[in-house]
Amino acid sequence: MRQTAKVLAIAVLTVATHWASASQAAFFSYPQALGAQVNRIIFEKPALPPMAHTKFCLRYKDDCEVRGVDIQKRNVAMTVARLNELNSVNRQVNRDITPQPNLGGLAIEDWMVSPQAGECHDYAVTKRHELLARGWPSRALLLSEVVVPSGEHHLVLVVGMEDPDTAEVVNLVLDNLNYNLRPVGLTPYRWLRMESPDNPRFWSTVSVPSRSHPATLVGL
């Protein structure tokens with residue numbers, strides 16, 4: 001078992017309120033080849049941002065600025081504390097916002113931070129807003145448009161971190177449709193476009209190699 005997995009397993013004993021079991025905490029002990037596959041995001045070509053995102057940036061200008069600039073572009077280290085923070089934010093926002101469908105369509109779609117009721121985009125921008133406030137760099141927090149199995153478009157937040165033992169990038173999905181943290185390639189989605197790590201105002205088409213696998217990061 002790699003050192004990171006050992007750290008996560010130890011965390012189960014000390015942070016039992018967050019991780020359900022040692023096997024769940026040791027999620028990142030899957031084979032290296034599988035790890036690279038399920039965490040890989042391929043940025044393809046520039047794409048227009050969603051119109052609602054453009055309107056969002058006019059209202060929430062700070063959320064659309066480059067934050068936490070690092071000239072070396074170092075990734076956030078994946079630690080037990082960081083994973084627990086993601087898990088906490090994901091679950092808290094999912095609890096705080098009541099699901100509410102937009103019956104007016106894209107023409108009246110507004111992305112709002114912390115509304116009492118909202119859609120997938122409201123959950124995603126609220127989670128990103130909260131993590132920015134906690135000091136996470138903007139390049140690690142990427143809003144992403146996907147298509148769910150039913151064919152509907154959906155917005156999630158992808159958070160990129162680095163395994164300090166292998167230097168591999170770990171991309172986890174924060175989703176209002178699932179309380180668990182999942183690698184991008186273990187979701188049932190078709191990936192369309194995503195914010196650029198260099199500037200959140202710019203978007204790019206993306207592809208994510210997927211593989212059916214039951215592993216998830218589960219918190220209590």
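Predicted model: local features only at pLDDT ≥ 70, side-chain atom pairs only at ≥ 80, totals over all residues.
Local features require pLDDT of at least 70 and side-chain atom pairs count only at pLDDT 80 or more, while totals for chains, interfaces and linings use all residues. Residues are numbered from 1 along each chain as its sequence is written, and side-chain values use heavy atoms, with hydrogens and water left out.

Of its 220 residues, 49% are buried, where buried means under 20% relative accessible area, computed with a 1.4 Å probe and protein chains only. The accessible surface of the chain amounts to about 10700 Å², and carbon and sulfur atoms contribute 55% of this area; such areas follow the Shrake-Rupley method with a 1.4 Å probe, and for residues only the protein chains shown count as cover.

Contacts (heavy atoms within 4.5 Å) can be sorted by sequence separation. Among those in the chain with a separation of 6 or more, 67% join residues 24 or more positions apart.

The cysteines complete the description. A disulfide is a covalent bond between the sulfur atoms of two cysteines. Cys-57 and Cys-64 form the bond, with their sulfur atoms 2.1 Å apart. The link of Cys-57 and Cys-64 is left-handed, at -85 degrees about the S-S bond. Cys-57 is buried, with a relative accessible area of 4%, and Cys-64 is buried at 1%. Cys-120 is also buried, its relative accessible area being 16%.

Conventions:
Disulfide = S-S within 2.5 Å. Buried < 20%, exposed > 50% of the residue type's maximum accessible area, 1.4 Å probe, protein only.
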